[in-house]
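Here are a few notes from going through the model, for you to check against the coordinates on your side.

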Amino acid sequence: MIRKTAAALAVLAALTGPLMADENTIRIGVLTDMSGPFADIVGQGAVESVRLAVSDAGGKVNNKPIEVIFADHQNKPDVALSILRQWYEERGVDVAMEFTTSTVGLAAQALTRSANKVALPLGPATSDLYGAKCSPNSVVWGMDNYAFGNAAPKVVVKRGGDKWFLLVTDYTFGHQLQELVTNLVTSEGGKVVGAVRHPLGTPDFSTYLLQAQSLGANVIAFINSGNDMSTSIKQAREFGLNTKMQFVAPAFQIPNALALGLTVGQGVIVTNSVYWDQSDVTRAFSKRFMEKMKKVPSENQFMAYAAVQHYLKAVGQMKSHTDGKAVVEQMKKMPVSELDFKGRIRKDGRVIYDLNIASVKAPAESSGPFDVYKLTGKVPGDEGFVPEDKTGCTF
Amino acid sequence: MNDLFNALLPQFFLGLVNGSIYALLSVGLTVIFGLLRIVNFVHGAQFMVGAFLSYLLLVYFGIGFWWSLVIAPLVVGLASAAIERTMISRLYNIDHMYGLLFTLGLTLVLEGLFRYWFGSAGRAYVVPESLSGVVNLGFMYFPRYRLFVVVASVVLCLGTWLLIERTRAGSYLRAAHENPQLLRTFGINVSLLLTATYAFGAALAAVAGTLAAPIYQVGPFMGTHIMVVVFAIVVIGGMGSVKGTIAASFLLGIAETVTKIAFPQAASMAVFVIMAALLVLRPEGLFGRQESTR
């Protein structure tokens, strides 16, 4: 009996025991929100995108097989760090990606640097990832506060929206974006007539919306995200604000449009990094993605594919992939041309690509459940992100 | 003075709308607690399921708002009756903690399922055609639908109060709470009474869900967000007191809205500050009766 138990334990230990980092396998770890509020934007869809990129590379690079693993960090930095530590020290993971939120992103980026692996943040929206807290082991793909707040508002002021009311979520993300939008609107010749900060998870926004109405604003900016954004846009429409104001939602994403529906969401002006219906390339990718996920990819899910493809191309040029810093240097040398992301990677790790200005279609303009955006303009990548000399990045 | 009045009156009306949803939820919760002595943590999920059922009825069967207002509570009520019969009824005679844990667990399961099916961003339910648009109240334009919610909630809450305080069925319920053994000797089926009460409370939550669907975003976690406030309201109104709960719901709905103008960042805290203060000054709640220690 004891012998049997011992044998079973030995087998178990062999199965679960440490897999040392080895030269012969490339391991990609997707650390994401699988079940929380951001699961639609990243989550399982991001994992599927990564798998598509790996299978398009033939499942191996330089004859080394590629493995994809993923885990749910529950949006908690401590959970994320303990998973990541295990990945790097025991599972032999070479590149970790996604991270979803800024807190997780900053923590993961720091640990990746000390372990000399590669980090590819997609979801985190803080520009600190390539600014004050930048790392030579990171390539930052995701949209950030600056890009969200910079592109759409500029266009709206130019189109005549000069009296702004800002509805701001009351934490760092909202505060930073509020400051940015305020400066931008003022410098473009507009005026911020009022701003209000609301707690995260507010179910009713009517009080704030009435304020916007009484202040005579002609633009209302929804500087929030997720459910708060959906609810506030829906209620603004209920109170008829759409008859007097343009709606701008800088951090709006495709899943928001799908959740709101076009009847409620129509006319909202957004900053967009990539849209499934923008070219043959994106349409072809979306079709493959939909076979698995039954919906079109979100912006971050597009990026998951692009980021891995670019990483694997770089690794293909190198003899060894275990030195994270060297891999990132190689990536920075190579131009970016994955899906419709065309540009380069700056020294600070920022990926530069062009942005779209889009507005949500009215139901009559839409030809199907996923036909949600009308692309109305482009912003060159170098204008979209924080200029290289202003990030304050030093390695 | 007139200016201040003009500024506050619209907010007062907005507060009434939130108060209406709070009232429907907290009345159901307090009725269940008052009679079954179960802290029904799954109430928020029943609210959420009610909202989702209305959404599904509309999208998949083309059944509009008015029928949903009947069908959703019926379905949730029947399902809850089955849950009470098979599971919750086993918890009456053991520590309250088990009821709390069980209903909390059930909430997590339901929320997880709906998140799996519909995603965390949820879905939007459009205001029914017959109630869309705004009404001119003289001092403000008010969405017609929100006025309807206030009226519907007041009618349902008063109805519930009358049912419990003024009818024979209500007297049985109160008796079942005071002394179930005695009531049994009169030939009343007490366990059926408890099942019916639970189903009724859950159905009220589903009505609230259907009413809330056009106002809030229909999402898997909509119940959790609102229940935290509703629990505080039940405590403020006095656990188990229907009258107190209704009054507290509307008062706090208004207090919350006023805080939103005076100090927006504190809006979600206002209810809890009031609760804490009240617990210090009057632990049994606004209208609660002090229970003799057993």
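1. Starting with the chain-to-chain contact: chain B puts in 28 residues and chain A 33. Keep in mind that this is a predicted model.

2. Where on chain B do those residues sit? Five elements each give at least two residues to the side that touches chain A: α1 (2-36), β2 (141-143), α9 (222-237), α10 (242-262) and α11 (267-281) of chain B. The largest share, four residues, is from α1(B). Sorted by class, that side of chain B comes out as 14 nonpolar, 11 polar and three charged residues.

3. Now the domains of chain A. The assignment has domain 1 as 23-143 + 279-352 and domain 2 as 146-272 + 354-383. Their C-alpha centres are 29 Å apart. Between them, 12 residues of domain 1 touch 13 residues of domain 2, and the domain 1 side is made up of six nonpolar, four polar and two charged residues.

4. One helix pair in chain A to look at: α3 (residues 77-91) and α4 (residues 102-115) pack at about 25 degrees, with axes 9 Å apart. Angles under 35 degrees count as roughly parallel, so α3(A) and α4(A) are roughly parallel to each other. Their crossing is right-handed.

5. As for who makes that helix contact, α3(A) brings Pro77(A), Ala80(A), Leu81(A), Leu84(A), Arg85(A) and Tyr88(A), while α4(A) brings Thr103(A), Val104(A), Ala107(A), Ala108(A), Leu111(A) and Ala115(A). By class, the contact of α3(A) with α4(A) has 10 nonpolar residues, one polar and one charged.

Notes:
Residues numbered from 1 in each chain as written. Chains lettered and ligands numbered in written order. Predicted model: local features only at pLDDT ≥ 70, side-chain atom pairs only at ≥ 80, totals over all residues. Axes fitted to C-alpha atoms, helices over the stretch in contact; angles between N-to-C directions. Parallel < 35°, antiparallel > 145°, perpendicular 65-115°, else oblique. Left-handed = near helix turned anticlockwise from the far one by under 90°. Contact = placed C-beta atoms within 7 Å. Nonpolar A, V, L, I, M, F, W, Y, C, P; charged D, E, K, R; others polar. Domains from an automatic or database assignment.
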